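Okay, everyone, let's get started. Have a look at the model on the screen, and I'll talk you through a few spots.

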Amino acid sequence: MITAREAGLVACDFCHSLNRPSIDESDNTTLLQMHCHVCGSVIYSRIPDSLSKTWALVIASLILYIPANVLPIMTVVLWGDGSPENIMSGVLSLLDAGMWPLALLIFVASIVIPIAKLLTMLGLLISVQLRSKWRPIERTQLYRITEFIGRWSMIDIFVIGILVALVQFGTVATVTPGMGAICFAIVVILTMIAAHSFDPRLIWDVMEEPTRE
Amino acid sequence: MIHYETGGLDYRTARACHECDLLQYIPILRNREVARCQRCKALLKKRHVESLDRSQALAVTGLILFAVANMFPLISLKALGVSQHGTLLSATLALFDAEMPFLGILMLFTTILFPLFSLCGTIYILTSIRINHYSHWIAPMFRFLRSTDTWGMLEIFLLALIVAAVKLVDITEVKVGVSLYAFSLLIGTLTTLNLTLNPEDVCDHLRKHAK
């Protein structure tokens, strides 16, 4: 059992060809940008600055998560009466209207998934920084799920877009998007990029340490 | 000396897991078999017979359905004698009109440009492989398609459309448009395409030409 890095090889993330860099890998700082010999992609043993990039993105989304939930995501104007709605009140109004399956769907997509995703990313970052050896398989699976599921939070943004496009009945009924929607969209985008910039191989790197003696 | 410690593996045929970096051999797979990493269980390789031919057919189907889905309204509202038609593009345009260009651009890319580019790019790449033509565009283009895969969000748009329709059904009359059928079929086609297209087969083509 040996990893590509221990063997002095760099795998291409795109075409999975193994490359043998000519520069000695032990001197990481002088490593120039390398390209895959097959497809020409930029290759690296580990995503460069993965942890600091991911930290920055996760913290930025944590900050933006507050205005995303407080500010109105849209304003529904019916017969001249405007009622601003934020994410939670949107869920509650669906619940009041007796549409609980939809309320549940929006609740999961807009509230549970973003929070779970941010907490998972924080947990992964902290565990890697503490060089934890706790359950690497489960942590990798958690990462895989997080990466896959994050995009579904976008559903609320799309609902707003569709409502804004459809409900344009002059003075009777209109829907306008609010600042909260922009903040929420940025949160979703940033967490998607954060999941992408996190290198799951970092979870496994500490596992090699005792055998390296 | 570290360079020779490959654990008896030949690096030209071995594969490193993209999630945990473990070097391993992948056995020859039969149709519909998948290979997972020994250590972290990541999906390393799958095999579908005629993956490229089937994908090409699906991509062409998808492009036709995409055109139809954009031509006619997906959904129509009727209230107080006024009709509103919603096409795929109208959500994007409405967000631009509402002075939310950021959301408009997001909508434009995730529901129109990325899916369209993905279909056209897939057709181009698979046609090139079929006629055994090699160009320097294939590798960067396929890389771009793979990396923007998660940003095409048509299936999320369909779910959002259902949510919006149910929200409006109490207030107005909601009618299903012609394009909604094409749109639903398109999502089925894209999902099948994603499962059928084996990136490994495209990379094999690249490897063949690199040597």
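Lys78(B) sits across from Glu173(B), a residue of β7(B). Strand β5 of chain B covers residues 75-79, and four bridges tie it to β7(B), with the two running antiparallel. By the way, this is a predicted model, where local features need pLDDT of at least 70 and side-chain atom pairs count only at pLDDT 80 or more, while totals for chains, interfaces and linings use all residues. Residues are numbered from 1 along each chain as its sequence is written, and chains are lettered from A and ligands numbered from 1 in the order in which they are written.

So what's the order of strands in that open sheet? In chain B it goes β6-β5-β7, three strands with antiparallel pairing. The edges are β6 (82-86) and β7 (173-176) of chain B, each pairing on one side only. From one strand to the next, the twist averages 20°. Helices (H or I, at least four residues) and strands (E, at least two) are DSSP runs, numbered from the N terminus.

Next, helix α2 of chain B, residues 88-97. Its buried residues are Leu88(B), Ser90(B), Ala91(B), Thr92(B), Ala94(B) and Leu95(B). Buried means 20 or more other C-beta atoms within 10 Å of the residue's own, exposed means 12 or fewer, and partly exposed is in between, with C-beta atoms placed from the backbone. What do those buried residues pack against? From chain A, α5 (155-166) and β8 (173-177); from chain B, α1, β6 and α3 (101-130). Just past α2(B), Glu99(B) has a positive phi of about 60°.

That brings us to the two chains together. Contact here means C-beta atoms, placed from the backbone, within 7 Å. On that basis, 53 residues of chain B touch 54 residues of chain A. Which element of chain B gives the most to that side? It's α5(B), with nine residues.

Last, chain A itself. There are seven helices and eight strands in it. Its radius of gyration, taken over C-alpha atoms, is 22 Å, well over the 17 Å from the globule rule (2.2 Å times the number of residues to the power 0.38) for 213 residues, so chain A is more spread out than a compact globule. The C-alpha trace of chain A spans about 75 × 35 × 25 Å along its principal axes.

Definitions and conventions. Pairing = 2+ DSSP bridges. Axes fitted to C-alpha atoms, helices over the stretch in contact; angles between N-to-C directions. Contact = placed C-beta atoms within 7 Å.
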